[in-house]
Amino acid sequence: MIFAANFKTNHTRESTKKYIEALLAKIIAKKEEDKVYIFPPATALDRYEGDFVLGAQNAYMTQNGAFTGEIGLQQLEEFDIKTILIGHSERRQFLGESQMFIADKFAYFQSCGFEIIYCIGEPLEVRQEGRESVMNFLLSQLEGIDISYEKLIVAYEPVWAIGTGRSATSQEIAFTHQALKKIIQKPLLYGGSVKPENSEEIVSINGVDGLLVGSASLEAESFAKIIIG
Ligand code: PGA
């Protein structure tokens, strides 16, 4: 299983360091095959020791240059970061990233050999239209994306389940994951209000290869419970 923590705009450099120390102490007995990823904010990227992968929540498709407010490859290379989240719904929604822009970013980081956790997920109005609309919407979010990329991990995160406390039901997750698996033969994570109380059930669903966790990953104790089960 893959367990990924997305801190979003939370934590500082100092608190991230403490978090990682606390987390690693708590997950010392994790299953060897389980993989842990941590995506702190850009200001907390650093060199950390331990059995986990540090990734960037975002970066611009450039080595360096004049892109005010962005970070590029040069800033990630300083810490040997080779993993990135692309397509998160908050970047699509609040930062205005279009599918075309996202596909370009994907192609760039693919050409740099990054491991990419690529996020897709439908808004509530699409979910309310039924399963066919959901699948069409998710397929539209794969436009321009090389789904055969060997270092691709996909995260299905229904937008209405993110940060709302309302996770998708096991049936909804099972159906969507199994439908996606027919199209993409890559590890497939679920995200959206995952917490220690529901994580065990979600990882047991056929077609779920791991979890992308926001709010419930912010405390080391809570994320450790999700990993250890
Ligand atoms: P959440 O966020 O766990 O707070 O719902 C998940 C995500 O956006 O990756």
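Start by selecting the ligand: the space it takes is the second largest pocket. A pocket here is an open set of points on a 1 Å grid over the protein atoms alone, with protein on both sides within 12 Å along at least five of seven lines; a molecule sits in one if more than half of its atoms lie within 2 Å of its grid points. You are looking at a predicted model, where local features need pLDDT of at least 70, side-chain atom pairs count only at pLDDT 80 or more, and totals for linings use all residues. Residues are numbered from 1 along each chain, and side-chain values use heavy atoms, without hydrogens or water.

Next, show the 13 residues around the ligand, meaning those with a heavy atom within 4 Å. Lys-8, His-88, Glu-157, Gly-163 and Ser-215 come nearest.

From an oxygen atom of the ligand, a polar atom of His-88 lies 2.7 Å away, one of Glu-157 2.6 Å and one of Ser-215 2.5 Å. The protein covers 99% of the 280 Å² of accessible area (Shrake-Rupley, 1.4 Å probe) that the ligand has on its own.

Then switch to cartoon view. Eight strands (DSSP E runs of at least two residues) form an open parallel sheet, ordered β3-β2-β1-β8-β7-β6-β5-β4. Select β3 (53-54) and β4 (83-86): each has a single partner strand, so one side of each lacks a neighbour in the sheet. Strands pair if they share at least two bridges; β4 and β5 (115-120) have four. Finish at Leu-85, which stands opposite Ile-117 in β5.

Technical notes
Polar contact = N/O pair within 3.5 Å; in protein donor to acceptor, adjacent residues only side chain to side chain. 1 Å grid on protein atoms, 1.4 Å probe; cavity = no way out; pocket = protein on both sides within 12 Å on 5 of 7 lines; lining within 4 Å.
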